[in-house]
Amino acid sequence: MSADRKDWSGNTRLVHPVSVKVPEGNTPLIRPIYQSVKFTPAENGPAGEQFFYSRISNPTVRQLELTLAEQMKKEDCIVFSSGVAAITGMLLSILKSGDHVISFRELYRPTRIFIKETLTKFNIDHSLLTLKNIRSLESAIIPGRTKLIHFESPTNPNLEAADIEYIISVAKKHNVLVSMDGTFAGIHQHNQFPVDLMVHSLTKSANGHGDVTAGGIAGGSALLKKIRETTIYLGAALDPHSAYMIERGLKTYSLRVQKQAQTAFRVAEYLNNHKKIKAVRYPGLCGPMNHDLLKKQMTDMGSIVTFEISPEVAKSADKFCYHLKLISLAASVGSVESIICPTNTFFGSDLNSQDKEEMGINNFSLRLSVGLEEADDLIADLEQAIRQSQ
Ligand SMILES: *Cc1c(COP(=O)(O)O)cnc(C)c1O
């Protein structure tokens with residue numbers, strides 16, 4: 001019996017291909033993708049530091065975690081196979097039976113449903129307040145039971161602002177953890193606020209090209225270590241190729257978000273001046289909506305604009321989407337191509353009519369995510385769609 005490659009049969013050699021060693025110091029400009037589930041530990045390698053199995057850790061995935069932690073000015077980061085996996089993993093890690101979580105009805109719909117339905121099954125109670133009445137926060141805290149306040153800013157879909165400093169001050173006073181979903185503003189914003197955990201859907205502007213789902217949580221090392229101990233067993237690991245795609249997307253992140261914010265501002269102004277469009281919400285707009293808090297907390301105003309069409313334009317927001325020729329009807333935001341969705345159909349299913357009315361979600365409301373097309377082309381598409389009328 002032989003144990004040498006030269007003695008192996010052709011088939012065995014195919015299963016174990018030739019390995020090319022890159023000479024030391026001969027550095028590839030793009031890091032390799034470690035597209036491997038398994039790693040053989042070095043016989044006398046450092047305990048606890050070696051890679052072993054990619055659901056637990058992988059060099060390409062770890063590289064992305066460290067890049068994101070640096071950007072978000074936190075000690076560490078964990079990435080997941082979706083934004084929802086990051087949020088639900090975080091909630092399940094921090095909360096246990098008998099605990100209470102405070103959040104707000106102005107939340108990304110899947111997060112709201114998970115809190116209302118799944119956490120309840122595990123005997124974890126919640127209060128869903130409204131960001132419009134943030135002063136009710138302190139009285140919602142149940143001493144000894146409230147463990148976490150989770151919020152978004154600006155919110156999906158209607159760009160409500162959370163008073164972040166106030167939320168943190170109440171939480172600190174009562175020794176409650178704070179997590180923020182900062183997806184709508186992007187990973188470059190809100191990092192000056194000392195929230196315990198910052199969550200992002202990396203599916204959106206971080207990756208930016210609409211071809212990967214991923215999520216991340218950044219925070220202090222000790223807290224993240226605790227979260228990792230639970231989430232490893234939830235199994236929503238990001239695969240190395242997706243981690244690589246996000247890292248590639250991040251190289252053009254600041255160029256993309258800057259240009260998208262400039263275009264979104266022009267589109268928002270156009271919509272705001274249009275007679276057949278009302279309730280335009282964009283954090284950078286002056287006018288009827290009060291965006292002072294968003295302007296104070298954000299350095300740029302993002303790529304998402306929401307608005308309502310008047311009933312003479314189309315029978316519903318859903319129908320209006322089919323008037324558009326350049327802008328596609330689709331879920332998600334923060335991609336290179338502009339996308340639009342009716343907010344009632346996409347986000348309203350679990351809300352009662354009073355909540356919807358107060359939140360500005362109805363049969364005529366839309367959420368537009370501005371991509372990298374030229375502003376004039378987007379405005380021309382909206383104009384022809386509005387002119388079509390029903
Ligand atoms: C999209 C989104 C998520 C969920 O992210 P996925 O990657 O789609 O799972 C969470 N929060 C907000 C605010 C989002 O927009």
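The model is predicted: local features need pLDDT of at least 70, side-chain atom pairs count only at pLDDT 80 or more, and totals for chains, interfaces and linings use all residues. Residues are numbered from 1 along each chain as its sequence is written, and side-chain values use heavy atoms, with hydrogens and water left out.

Trainee: How far from an oxygen atom of the ligand does a polar side-chain atom of T203 lie?

Mentor: Take the nitrogen first. D181 places a polar side-chain atom 2.6 Å from a ligand nitrogen atom. A polar contact is a pair of N or O atoms within 3.5 Å. For T203 and a ligand oxygen atom, the distance is 2.5 Å.

Trainee: What share of the ligand's exposed area does the protein bury?

Mentor: Accessible areas come from the Shrake-Rupley method with a 1.4 Å probe. Taken alone, the ligand exposes 380 Å². The protein buries 92%.

Trainee: Which residues of β1 point the other way from D76, I78 and F80?

Mentor: Strands are DSSP E runs of at least two residues. β1 spans residues 76–80, and five of its five residues are buried, meaning under 20% relative accessible area (1.4 Å probe, protein chains only). Opposite to D76, I78 and F80 point C77 and V79.

Trainee: Which residue in β7 stands opposite I78?

Mentor: β1 and β7 (residues 215–219) run antiparallel, joined by five bridges. Pairing needs at least two DSSP bridges. Opposite I78 stands I217.

Methods. A polar contact is a pair of N or O atoms within 3.5 Å; within protein, one must be able to donate a hydrogen and the other to accept it, and residues adjacent in sequence count only if both atoms are side-chain atoms. Buried means under 20% relative accessible area, exposed over 50%, partly exposed in between (1.4 Å probe, protein chains only). Helices (H or I, at least four residues) and strands (E, at least two) are DSSP runs, numbered from the N terminus.
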